[in-house]
Amino acid sequence: MDIQIKKGVLDACVLYALKNGESYGYKIINDLKGIIDISESTLYPILKRLEAGGALKTYNREFNGRIRRYYYLTAEGEKKLNEYKYDFESVILIYKKIFGERL
């Protein structure tokens with residue numbers, strides 16, 4: 001898959017995983033199983049980039065004696081997720097025109 005397309009898909013998947021509430025890295029990876037395979041080494045740079053762009057916020061909380069970082073969507077993150085939805089719908093229409101209706 002083209003790296004730029006894959007980047008958008010991964011960003012959209014991470015935002016989707018946070019759509020219904022806060023989560024942490026390991027849970028995000030597990031929540032996305034069956035949708036897309038993503039490793040920790042791929043996930044954390046995505047989370048950092050999305051946070052830097054204002055799509056996510058974080059906070060730390062102790063869990064079983066360790067500090068766990070939680071991520072949650074901001075209004076900007078929800079907006080970005082909706083933009084991805086419309087972008088991908090447009091891409092699907094283009095692909096259908098190029099390759100036919102059966103995708």
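Rings of Phe, Tyr and Trp, with the six-membered ring taken for Trp, count as a pair if their centres lie within 6.5 Å. With that in hand, the aromatic cluster in this structure consists of Tyr24, Tyr59, Tyr70 and Tyr72. Before going on, note that this is a predicted model.

Let me stay with the rings for a moment. Searching the whole structure gives 5 aromatic pairs. One of them joins tyrosine 59 and tyrosine 70, with 5.4 Å from centre to centre and 10° between the planes, and this pair is stacked. The two residues are 11 apart and the pair links distant parts of the chain, since tyrosine 59 is in strand E1, residues 56–63, and tyrosine 70 is in strand E2, residues 66–73.

Which of these two tyrosines is buried, and which is partly exposed? Tyrosine 70 has a relative accessible area of 8%, so it is buried. Tyrosine 59 has 26% and is therefore partly exposed. The cut-off that matters here is 20%, under which a residue counts as buried.

A second pair is tyrosine 95 with phenylalanine 99. Their ring centres are 5.7 Å apart and their planes meet at 40°, so this pair is tilted. Both residues belong to helix H4, and because they are 4 residues apart there, about one helical turn separates them. Tyrosine 95 is partly exposed at 35% relative accessible area, while phenylalanine 99 is exposed at 55%.

Now the charges over rings. Arginine 61 places its charged end over the ring of tyrosine 70, 4.5 Å from the ring centre. Over the face of tyrosine 24 lies arginine 68, at 3.6 Å from the centre of that ring. Tyrosine 70 and tyrosine 24 are both members of the cluster I started with.

Next, the pocket. How much space lies in the largest pocket? About 170 Å³. Its lining is made up of Val9, Ala12, Cys13, Tyr16, Ile35, Leu81, Tyr84, Lys85 and Phe88. By class, that is 8 nonpolar residues, no polar ones and 1 charged. Two helices each contribute at least two lining residues: H1, spanning 3–17, and H4, spanning 75–99.

Valine 91 is partly exposed, with a relative accessible area of 35%.

Note on methods: Residues numbered from 1 in each chain as written. Predicted model: local features only at pLDDT ≥ 70, side-chain atom pairs only at ≥ 80, totals over all residues. Heavy atoms only, no water. 1 Å grid on protein atoms, 1.4 Å probe; cavity = no way out; pocket = protein on both sides within 12 Å on 5 of 7 lines; lining within 4 Å. Points joined across faces, edges and corners; volume = space filled by probe spheres on them. Nonpolar A, V, L, I, M, F, W, Y, C, P; charged D, E, K, R; others polar. Buried < 20%, exposed > 50% of the residue type's maximum accessible area, 1.4 Å probe, protein only. Phe/Tyr/Trp six-rings, centres within 6.5 Å; stacked < 30°, edge-to-face > 60°. Lys NZ or Arg CZ within 6 Å of the ring centre and 35° of its normal.
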